[in-house]
Amino acid sequence: IYSHFGETVSGLSVIRAYGHQQRFLQQNEKTMDINQKTVHSWIVSNRWLAIRLEFVGSLVVFFSALLAVISKNSLEGGIVGLSVSSALNVTQTLNWLVRVSSELETNIVAVERVHEYTKVKREAPWVTDKRPPHGWPSKGEIQFVDYQVRYRPELELVLQGITCNIGSTEKVGVVG
């Protein structure tokens, strides 16, 4: 949403010049709708979790109070008060424990992702012994001779044997 809005604001003069205001408004609404769908699902799932945790906490308090009433002749008042007040704290502690554990799991996923990225094989070193001559480039030309490329080493070639010369003032677009 922020990226689209920023790009729209920075290109506002071009959008107005070509009369595409309505298209950008529709794109903005579509992006916000998609965001709201995910945010709504997140809020609903959090509320459902909170209801279930409150229910479990209420059951703990109920059974603590029920057992205190059932055994009223054998328990002292201080023990009953301690058990019921401890049971009341269980709900808050349970909510906190679930929130912290889910936040920890989320953060651990980020750490796992960073760890995986450290194991990715590098394409080439940033600096090599083969350096261009001093004063390069002398002309703004690009020359491809039998150029081949693939996305990953195990995949098929996506460009096969491209040979072309791009002049110093030419503009080239690659499509497909």
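This short talk walks through one predicted model, helix by helix and then residue by residue.

First, the ground rules. The model is predicted, so local features need pLDDT of at least 70, side-chain atom pairs count only at pLDDT 80 or more, and totals for chains, interfaces and linings use all residues. Residues are numbered from 1 along each chain as its sequence is written, and side-chain values use heavy atoms, with hydrogens and water left out.

Let's start with what the record says. UniProt, in an unreviewed entry, places "domain: ABC transmembrane type-1" at residues 1–106. A caution on both: UniProt positions are given in the numbering used here, feature names are shortened, and annotations may be inferred rather than shown by experiment.

Now the model over those ranges. Residues 1–106 are 91% helix and 0% strand. The end C-alpha atoms of that range are 23 Å apart. Residues 49–70 are 100% helix and 0% strand, with end C-alpha atoms 31 Å apart.

On to helix α3. This helix has 50 residues. How far does α3 reach from its first C-alpha to its last? The answer is 72 Å, close to the 74 Å expected at 1.5 Å a residue. The expected span is 1.5 Å times one less than the number of residues.

Which residues of α3 are buried? They are N28, N46, A50, L53, G57, V61, S64 and A68. Buried means under 20% relative accessible area, exposed means over 50%, and partly exposed is in between, with a 1.4 Å probe and protein chains only. The buried residues of α3 pack against α1, residues 2–10, and against α4.

Take S64 in α3. Why does S64 count as buried? Because its relative accessibility is 15%. S64 touches S83, V84 and A87, leaving out residues up to four places away in sequence. Contact means heavy atoms within 4.5 Å.

Next, helix α4, residues 77–118. Its 42 residues should span 62 Å at 1.5 Å a residue, and its end C-alpha atoms are 60 Å apart, so the two agree. Where does α4 bend? At V90, by about 25°. That bend is the angle between axes fitted to the seven residues ending there and the seven starting there.

In α4, A87, T91 and N95 are buried. The buried residues of α4 pack against α3, residues 21–70.

Look at N95. This residue lies in helix α4. N95 is buried because its relative accessible area is 17%. N95 touches L53 and E54, again leaving out residues up to four places away in sequence. With E54 there is also a side-chain to side-chain polar contact of 3.2 Å. A polar contact is a pair of N or O atoms within 3.5 Å; within protein, one must be able to donate a hydrogen and the other to accept it, and residues adjacent in sequence count only if both atoms are side-chain atoms.

T93 is also in α4. T93 counts as partly exposed because its relative accessibility is 45%. A polar atom of the T93 side chain lies 2.9 Å from the backbone oxygen of N89. T93 and G57 are 36 residues apart along the chain, yet their C-alpha atoms are separated by 9.3 Å.

Now the aromatics. Rings of Phe, Tyr and Trp (its six-membered ring) pair if their centres lie within 6.5 Å; planes under 30 degrees apart count as stacked, over 60 as edge-to-face and the rest as tilted. By this rule there are 2 aromatic pairs. One of them joins F62 and F63, edge-to-face, at 5.3 Å centre to centre and 70° between the planes. F62 is partly exposed, with a relative accessible area of 45%. F63 counts as partly exposed at 45% too.

Last stop: beyond α4. H134 lies in the loop between α4 and β1, residues 142–149 being β1. Is H134 buried or exposed? Exposed, because its relative accessibility is 86%. H134 and D33 are 101 residues apart in sequence and 54 Å apart in space, C-alpha to C-alpha.

D146 is in strand β1. D146 has a positive phi of about 50° although it is not a glycine. At 48% relative accessibility, D146 counts as partly exposed.

Technical notes:
Helix = DSSP H or I, 4+ residues; strand = E, 2+ residues; numbered from the N terminus.
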